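I opened my notebook to look up some charged pairs and a few surface values. Here is what I was working from.

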Amino acid sequence: MKNRHMLFPFIVGILAFVCFSLVAVLFAVYTVQPHWERILLLILPSLVFCGVGILGWKGFLHEKTTTVLTIIFTLVFLVLSAFYVAFLMFLSAEETTDPKYYERAYHQIEDGAAVKGVFPASVPEDAQEITFSYRPQFLQGDEAFQFSYRTTEEQLSAWEERLKEAAEWVGSNAEWHRMNNLGFSDADSMRYHLYWDGGYNHGEMCYALIDRASGRIGFYYSRG
């Protein structure tokens, strides 16, 4: 085969594309808000290797030049890609506040104690004035999920009945904080405490709040 040396960069380019695909799948499955515009930059090495292969095939690069360039690019891209993937991991650990990622965040926490079957699996159609945030657990940090919205009196009443059946404790949110020697300065609401393993610094906690005065319901989960 003429210019067989071009196979080397093409093979490395295919391997680079496979690595890119695996990383993209992992971020798509395990992160709530994949930063695709940055993840797609990882396809650059495979494009560069294919470019070197094409130049070798066309005869613009000699065999030795093609081989040396491929080896150099391989070493450079291995180091740069490793640092870049680490950067993407740190980026994916940032807080997400866009409600369109609610379902992805829910699936991250649904196996938490008292979450599945209690928290809404998706944003309710009647939800208004939504506030949402999710911070994944990363290194020594805590995982934190918060979702609240305003709804109708009828929906609040329906939620009250469901939460009463699931809750371990029902009462004033201010009272719960007082009982557990925790400071409290927010507006009071009814707390439906679903689960707590008793840990303060690295514990797992799950509860819901209903504020009749503002017509809001909120769901909260945290895990150290």
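This is a predicted model: local features need pLDDT of at least 70, side-chain atom pairs count only at pLDDT 80 or more; totals for chains, interfaces and linings use all residues.

**Salt bridges and accessibility**

I started with Arg 216, which forms a salt bridge with Glu 129; their closest N and O atoms are 3.8 Å apart. Arg 216 is in strand E6 (residues 216-223) and Glu 129 is in strand E1 (residues 128-135), so this pair ties together parts that are 87 residues apart in sequence.

Next I checked for links to other residues.

Then I went to Arg 212 and found a salt bridge with Glu 160, with 3.0 Å between the closest N and O atoms. Arg 212 sits in the loop between strand E5 (204-211) and E6, while Glu 160 belongs to helix H6 (residues 153-166), so the pair ties together parts 52 residues apart in sequence. Is Glu 160 buried or exposed? Its relative accessibility is 17%, so Glu 160 counts as buried. Arg 212 comes out at 31%, so I put it down as partly exposed.

I also looked up Glu 37, which forms a salt bridge with Arg 38, the closest N and O atoms being 3.3 Å apart. Glu 37 has a relative accessible area of 53%, so it is exposed. For Arg 38 the value is 32%, so that residue is partly exposed.

How many salt bridges are there by this rule? I got seven.

Last entry: Leu 26, found in helix H1 (residues 7-30). Leu 26 has 49% relative accessibility, so it counts as partly exposed; the cut-off for exposed is over 50%. From Leu 26 to Gly 218 I noted 192 residues in sequence and 31 Å in space, C-alpha to C-alpha.

Conventions. Residues are numbered from 1 along each chain as its sequence is written. Side-chain values use heavy atoms; hydrogens and water are left out. Helices (H or I, at least four residues) and strands (E, at least two) are DSSP runs, numbered from the N terminus. Buried means under 20% relative accessible area, exposed over 50%, partly exposed in between (1.4 Å probe, protein chains only). A salt bridge is a side-chain nitrogen of Lys or Arg within 4 Å of a carboxyl oxygen of Asp or Glu.
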